[in-house]
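Thanks for coming. I will take a few minutes to go through one structure. Please have the view open while I talk.

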Amino acid sequence: MLDEIFKKIQASQTTQPTQTKSKNENILQLEPGNTYIVRLVPFIKKPESTFVSFHNHGWESKKNGRYISIPCLKTWGRGEKCPTCEIRFAELKIGSDAAKAKARLLRQKTTNYVNLYMIDTPNTDDKGKVKILRYGAELDKIIKAAVTGEDADEFGMRVFDLSPDGVDFRIKVDTKGQGREAMPTYAMSKFVSKKHDLGLSQAEIQAIYDSAHDLTALVPERKSDAEIEKVLNEHYFTNQDRPVAVTEYVSDEEENDIRGSYNPSPAYHAEEERETKSITTSTSNVDDTVSDLLKEFSLPED
Ligand SMILES: [Zn+2]
């Protein structure tokens, strides 16, 4: 028995230094023009962490043009105060036209993760493996509709079922827009109710469930208010254009109103916070939250 335990200890020691890297390699790279047939995999060790999401703010630095990304503190609860959100809301509400235009750059983006069992994929190496899907608003809408929303009667629990009762998720990656404006779109993806027997035994299904990745490890480290302020002062505000005491312009109630149209964040709790430096923002499928916000503010769209 100790033999087995020692093997696991040895393996954990040899794989540790590359852990972060290997996690990234587990994230599925979706290519436009491709279709992926998969099933969602629950995280049975902690089912409430089957879906994990976080918010961040990203913009191009006023100082050096580099892409800056900082966690939005709303990741750790909607009641949390996020210095970046506060500046953004205040400037969109009472700022000059220039300040409003600039505040739009501080958009909040949501990144979601779920484990996938790869059934059919253009990359044959991935077939039969458990990969991580990183996704934005388009796929989130389709998945939420199937799991808890209007399609839950038809799909519901079956989206996680690897037996012949389960339903495949067909991720279709198309391109919308032309040239530099071209962006991937996932809007044609769907759950497919057509019966599909994957031919897996109970033991194989269990092994697949057991190999699901702990997605909470992909949530970036929380930053303190002071750290965030430092980044904003260095890379967002320039030439002393920072408004004085910006937070007093937005009350909590107003902020909650403004945020009323946001989807609640799926299960993620501060105690699951793990350090990882490897998160980069997805440049595709970002949230439509900015346009929602602008509607709230009755401002013209870009
Ligand atoms: Zn924020």
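Strand E2, residues 52-60, runs antiparallel to E4, residues 108-120, and six bridges join the two. Another position to look at in this pairing is Ser53, which faces Asn112 of E4.

Strand E1, residues 35-41, pairs with E4 in the antiparallel sense, over five bridges. You can find that pairing at Leu40, whose bridge partner in E4 is Leu116. Strand E5, residues 130-135, is also antiparallel to E4, with six bridges. Here Val114 has Leu133 of E5 as its bridge partner.

How many residues of E4 are buried? The count is 11 of 13, so the strand is mostly covered.

Now the helices. In total the protein has nine helices and nine strands. I will pick out H3, which covers residues 83-94 and includes Glu91.

Is Glu91 buried or exposed? Glu91 counts as buried, because 23 C-beta neighbours lie inside 10 Å and the cut-off for buried is 20 or more. Leaving out neighbours within four places in sequence, Glu91 has contacts with Ala99, Lys100 and Ala103. For a distance, take Glu91 and Ala101: they are 10 residues apart along the chain, and their C-alpha atoms are 8.9 Å apart.

H3 also packs against another helix. Two packed helices are described by the angle between their axes and the distance between the axes. For H3 and H7, residues 225-235, the angle is about 50 degrees and the axes are 9 Å apart. The two helices are therefore oblique to each other. On the H3 side the contact is made by Pro83, Thr84 and Ile87, and on the H7 side by Asp225, Ile228, Glu229 and Leu232. By type, the residues of this contact are four nonpolar, one polar and two charged.

Some figures for the whole protein. Of its 302 residues, 29% are buried. Taking contacts between residues at least 6 apart in sequence, 73% of them join residues at least 24 apart.

Last, confidence. The average pLDDT of the protein is 79, and 73% of the residues score at least 70. Which stretches fall under 50? One of them is residues 15-23, where the model has six contacts beyond four places in sequence. Another is residues 244-302, also below 50, with 90 contacts in the model beyond near neighbours in sequence. Where pLDDT is low, the predicted coordinates should not be read in detail.

That is the end of the tour. Please go back to E4 in the view, and follow its antiparallel pairings with E1, with E2 and with E5.

Key. Residues numbered from 1 in each chain as written. Predicted model: local features only at pLDDT ≥ 70, side-chain atom pairs only at ≥ 80, totals over all residues. Helix = DSSP H or I, 4+ residues; strand = E, 2+ residues; numbered from the N terminus. Buried ≥ 20, exposed ≤ 12 C-beta atoms within 10 Å, placed from the backbone. Contact = placed C-beta atoms within 7 Å. Pairing = 2+ DSSP bridges. Axes fitted to C-alpha atoms, helices over the stretch in contact; angles between N-to-C directions. Parallel < 35°, antiparallel > 145°, perpendicular 65-115°, else oblique. Nonpolar A, V, L, I, M, F, W, Y, C, P; charged D, E, K, R; others polar. pLDDT = per-residue confidence, 0-100.
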